[in-house]
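Please look over the sequence and the model below before reading on.

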Amino acid sequence: MDEAQVWWLLPLVLSLLIGVICPATGSLLITQRRILLANLMAHSVLPGLVLALAIGIDPTFGGLISGLLGALIAERLNQRFKGREESSMNTVLAGFTALGVLLVPLLQTRVDLETILFGDLLAANSSDLIRTLIATSALILLLKTRYQDLVFLGVDPDGAIAAKRPVTQIRFMAIIITALVIISAITAVGIVLVIALLCAPVLMHIENSTSLKQLILKSAATGLALTSGGMMIAIAVDLPPGPVIGSLCMIMLILKRI
């Protein structure tokens, strides 16, 4: 395999994996009406990433801890502000984003904020691939071991609680996996645009899917087409892949409703 082939092979494999796991995770979050939490976590990883880079540790750990912290703070505030959950969650989202931006000059860290916010798929390395494979494995494990509970929780969350299903445990597992998926997708589409891959493919099929499994498969296939197609377009016209993929997500939804 020559150097030209190696250059595009890793980004292509990464884009295909991201295109599958983001919509699959989004299917769980949207059916459970918790997608805003994913948006919050996508922005909450920023301070952890910056801090991890500043002290020289794997950004995955920093981003994971920061994302989980943002989610936990939001959950506590939601209990305090019942009926106004969106307002409290958006406040946490903005606060963590601002903190991440402030940490860059405060810690005098050399961080490419544009890459973190909007992605740089062509700069992917083996560490990005390993993180994505870990996130993929965790998602598959959750689906394999808790599929029926996930369906129950999506259809009737109050009923799942009344039936004494492990709702808190499942939601915590989903939060961890969501954080892993978001961190994995940062290289491909960045913090700002990952929410498009979590939502758009799912919205394309949620109305005509008869089961959670069918929704996951259809959404993953659409996400696969978006990421691979977006990357090819980006290479062909010399544009950053992340924004191209994000734009395709929006265009796809607009065309669906025309």
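Is Ser126 buried, partly exposed or exposed? The model is a predicted one, and in it Ser126 has a relative accessible area of 48%. Buried would require a value under 20% and exposed a value over 50%, so Ser126 counts as partly exposed. Ser126 is found in helix 6. Its C-alpha atom is separated by 12 Å from that of Ser184, a residue 58 places away along the chain.

Arg131 also lies in helix 6. Here the relative accessible area is 18%, so Arg131 is buried. Once its neighbours within four places in sequence are set aside, Arg131 is in contact with Asp58, Thr60, Ile183 and Ser184.

Helix 6 covers residues 126–155, and helix 9 covers residues 212–237. How do these two helices lie relative to each other? Two packed helices are described by the angle between their axes and the distance between the axes. For helix 6 and helix 9, the axes come within 10 Å and cross at roughly 120°. A crossing of 65 to 115 degrees would count as roughly perpendicular, and one over 145 as roughly antiparallel. Helix 6 and helix 9 are therefore oblique to each other.

Which residues make this contact? From helix 6 come Leu143, Tyr147, Leu150 and Val151, and they meet Leu212, Lys213 and Ile216 of helix 9. Sorted by class, the contact has six nonpolar residues, one charged residue and no polar ones.

Helix 9 also holds Thr227. With 1% relative accessibility, Thr227 counts as buried. Apart from its neighbours within four places in sequence, Thr227 is in contact with Ser15, Leu16, Gly19, Leu197 and Ile245. The C-alpha atoms of Thr227 and Val189 are separated by 9.3 Å, and these two residues are 38 apart along the chain.

The relative accessibility of Val13 is 32%, so Val13 counts as partly exposed. Val13 and Ser228 are 215 residues apart along the chain, yet their C-alpha atoms are separated by 9.0 Å.

Helix 10, residues 241–257, contains Pro241. Its relative accessible area is 3%, so Pro241 is buried. Leaving aside neighbours within four places in sequence, the contacts of Pro241 are Leu121, Leu122 and Ala234.

Most residues other than glycine have a negative phi, and most peptide bonds are trans. What is the phi of Arg33? It is near 55°, a positive value in a residue other than glycine. Arg33 sits in the loop between helix 1 and helix 2, the latter being residues 35–55. Its relative accessible area is 56%, so Arg33 is exposed. Asp238 likewise has a positive phi, near 60°, and is not a glycine. Asp238 lies in the loop between helix 9 and helix 10, and at 70% relative accessibility it counts as exposed.

The whole chain remains. How many helices and strands does the chain have? There are 10 helices and zero strands, and from the N terminus on the elements run α-α-α-α-α-α-α-α-α-α. Along the principal axes, the C-alpha atoms fill a box of roughly 60 × 45 × 35 Å. The radius of gyration of the chain is 18 Å, which agrees with the value near 18 Å for a compact globule of 258 residues.

Of the 258 residues, 49% count as buried. The accessible surface comes to about 12800 Å², and carbon and sulfur atoms account for 66% of that area. Among contacts between residues at least 6 apart in sequence, 75% join residues at least 24 apart.

Key:
Residues numbered from 1 in each chain as written. Predicted model: local features only at pLDDT ≥ 70, side-chain atom pairs only at ≥ 80, totals over all residues. Heavy atoms only, no water. Axes fitted to C-alpha atoms, helices over the stretch in contact; angles between N-to-C directions. Helix = DSSP H or I, 4+ residues; strand = E, 2+ residues; numbered from the N terminus. Parallel < 35°, antiparallel > 145°, perpendicular 65-115°, else oblique. Contact = heavy atoms within 4.5 Å. Nonpolar A, V, L, I, M, F, W, Y, C, P; charged D, E, K, R; others polar. Rg over C-alpha atoms; globule rule 2.2 N^0.38 Å. Buried < 20%, exposed > 50% of the residue type's maximum accessible area, 1.4 Å probe, protein only. Areas by Shrake-Rupley, 256 points an atom, 1.4 Å probe, with all protein chains shown as cover.
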